[in-house]
Amino acid sequence: MTSQPGDGEWLGFVTVSVSDRKRGSQGSSRPRGAGQDLMPVFVLRALPVSLRLSWRLPGCTSWGGTESRNVSHLAGAMRLVQFQTGSDGPRIGLEEKDGGNVIDLNAFDPSLPRRMREFLEIGDAALAVARRAQESGQHILPRAQVTLLAPIPNPGKVICVGMNYADHCREQNMKIPEEPIIFSKFPSSVTGPYDEIIHPAESQEVDWEVELAFVIGKKGTHIKESVAMDHIVGFMVAHDVSARDWQMKRNGKQWILGKSFDTFCPLGPAIVTKDCVPDPHKLGIRCKVNGELVQDSNTSQMIFKTQALVAWVSQFITLYPGDVFLTGTPPGTGVFRKPPVFLKRGDVVQCEIDQLGALRNKVV
């Protein structure tokens with residue numbers, strides 16, 4: 001785990017900026033002492049970096065509902081979204097619940113960035129503003145007025161893990177990998193949670209893969225497993241759409257082209273902050289094609305867990321806020337059915353994970 005020179009000063013500046021803007025928007029006339037605005041700086045610099053990054057946000061208590069196959073909702077969950085209304089451009093918001101209304105964070109505090117990567121770079125100070133907005137009951141937009149985008153439409157990296165479910169390995173009669181199998185998708189493949197998936201004319205074997213994704217919230221390299229969760233901001237659902245002919249037969253059987261066609265990475269619907277996910281490795285995960293259940297497993301089947309993946313990958317590359325990890329898929333993909341089944345235009349794919357939500361994308 002690394003920290004950057006001046007880290008305390010930078011966080012202190014953001015805290016002062018955001019809080020000043022908040023006071024201004026509320027029209028507070030309360031007098032302030034000459035040194036009052038400097039207090040957040042001293043507090044942040046006095047705390048160790050590991051503590052500042054592991055503050056538990058209030059309001060994340062317990063998940064509602066006991067039916068494990070249903071998509072649950074957490075009372076007080078932080079569900080960060082990127083959205084737009086009309087032609088106003090992207091904004092940052094909070095879903096009140098999966099499929100619910102959206103709190104406009106940029107309306108609550110105009111000093112916040114309007115893009116998720118920049119928002120995450122601010123760190124805990126930005127999340128604290130989001131929590132205040134959630135508790136305020138203000139600037140709520142009806143869901144019908146909102147179009148959800150991918151929570152991070154422009155990730156710096158999309159890092160993927162192959163063969164990471166024990167039951168998926170058994171499905172293929174493959175040995176359990178001894179080390180994580182890492183590949184990537186080009187960021188241009190990212191699309192929204194309800195956007196259309198374009199079936200490319202260049203492929204006849206387009207397949208589905210539901211996956212748990214997590215999002216990096218703090219820069220780091222050579223991160224130890226013991227502090228890996230400090231570098232993660234939250235979790236979401238991902239669909240690793242795959243052109244099997246290009247993945248398994250062409251391009252020297254290298255995976256990146258078959259994985260990276262435009263629209264081959266739906267993400268969302270929201271980033272559920274880590275404090276609100278009691279255990280990301282005990283979540284039901286499934287995929288439906290035209291309403292038929294084709295994948296049905298649990299993230300407990302993951303071979304290399306979240307912390308191990310952060311530690312492994314950060315040996316080789318620096319991780320930045322907004323980088324996205326896709327953690328592998330369970331059994332039930334089309335290519336391993338007998339006979340194989342592939343997506344066709346007109347199909348509707350729904351990928352869902354308990355406590356996180358669901359993606360729903362039509363193939364066109």
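In what order do the 4 strands of the open sheet lie, and is their pairing parallel or antiparallel? In this predicted model, the order is β15-β14-β17-β18, and the pairing is antiparallel. Strands β15 (292-298) and β18 (357-362) stand at the edges with a single partner strand each, so one side of each is left without a neighbour in the sheet. On average, neighbouring strands of the sheet are turned by 10° against each other, direction ignored. Antiparallel strands β14 (residues 284-289) and β17 (residues 348-353) are joined by 5 bridges; K288 has Q350 in β17 as its bridge partner.

The largest nonpolar core comprises 44 residues, and F214, C287, V310, L319, F325, V349 and L356 have the most contacts inside it. Two or more residues are given to this core by each of β6 (158-162), β10 (210-216), β11 (232-239), β14, α10 and β17. Strand β10 supplies the largest share, 4 residues. Beyond four places in sequence, F214 touches residues including I232, F235, L309, V310, V324 and F325. A second, separate core of 34 residues includes L80, A133, A150 and V215.

Residue L319 is located in the loop between α10 (306-313) and β16 (324-326). With a relative accessible area of 0%, L319 is buried. Apart from neighbours within four places in sequence, L319 is in contact with a set of residues, among them K157, I159, I216, K218, K219, V310, V313 and F325. Although L319 and K219 are 100 residues apart along the chain, a distance of 5.3 Å separates their C-alpha atoms.

Note on methods: Residues are numbered from 1 along each chain as its sequence is written. This is a predicted model: local features need pLDDT of at least 70, side-chain atom pairs count only at pLDDT 80 or more; totals for chains, interfaces and linings use all residues. Side-chain values use heavy atoms; hydrogens and water are left out. Buried means under 20% relative accessible area, exposed over 50%, partly exposed in between (1.4 Å probe, protein chains only). Contact means heavy atoms within 4.5 Å. Two strands pair if DSSP finds at least two bridges between them. Axes are lines fitted to C-alpha atoms, for helices over the stretch in contact, and angles run from 0 to 180 degrees between N-to-C directions. A nonpolar core is a set of buried Ala, Val, Leu, Ile, Met, Phe, Trp, Tyr and Cys residues joined through side-chain atoms within 4.5 Å.
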